[in-house]
Amino acid sequence: MCEETGRARLSYRRAEEIFEEDNRLLANPLASPEDIEDLDGWTLHRLRHSALRHDAEDGTSTPMLLARSRHASVRSLERYARPGVDAVARHVAERDPAARRRS
């Protein structure tokens, strides 16, 4: 029970169920509403790890990513904090000496 509101707290498992149910059509834009029961939506876990990937692509330090994700090791973080092709290209372009001379 939350002291501030007097209401019961929502468990992570229930929040995950609600989130996944409510975004099934968004996660499957070509599906029809009649198929909603057979569709999978995004999960809170997937959302959490997407945020980690975006933070990694934006240059957030490994110690900060570890702290935010509560992963115990860099090895467990590696699978989520891999920058995509566009992020690597952007990183290389930002550090290209020839590009800096042209500016």
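**Helix 4 and its surroundings**

A: Helix 4 is followed by R70, a residue with a positive phi, near 60°. The model is a predicted one, in which local features need pLDDT of at least 70 and side-chain atom pairs count only at pLDDT 80 or more, while totals for chains, interfaces and linings use all residues. Residues are numbered from 1 along each chain as its sequence is written, and side-chain values use heavy atoms, with hydrogens and water left out. Helices here are DSSP runs of H or I with at least four residues, and strands are runs of E with at least two, numbered from the N terminus.

The buried residues of helix 4 are L65, L66 and S69, where buried means under 20% relative accessible area, exposed means over 50%, and partly exposed lies in between (1.4 Å probe, protein chains only). As background, an α-helix has 3.6 residues a turn, so residues three or four places apart point the same way. On the other side of helix 4, P63 and A67 are exposed.

What do the buried residues of helix 4 pack against? They pack against helix 3 and helix 5, the latter covering 74-78. The axes of helix 3 (residues 44-57) and helix 4 (residues 62-69) come within 11 Å and cross at roughly 170°, the axes being lines fitted to C-alpha atoms over the stretch in contact and the angles running from 0 to 180 degrees between N-to-C directions. Helix 3 and helix 4 are therefore roughly antiparallel to each other, a term for angles over 145 degrees, whereas those under 35 count as roughly parallel, 65 to 115 as roughly perpendicular and the rest as oblique.

The contact is made by R48, L52, D55 and A56 of helix 3 together with L65, R68 and S69 of helix 4, contact meaning heavy atoms within 4.5 Å. By class, the residues of this contact of helix 3 with helix 4 divide into three nonpolar, one polar and three charged. Nonpolar covers Ala, Val, Leu, Ile, Met, Phe, Trp, Tyr, Cys and Pro, charged covers Asp, Glu, Lys and Arg, and the others, Gly among them, are polar.
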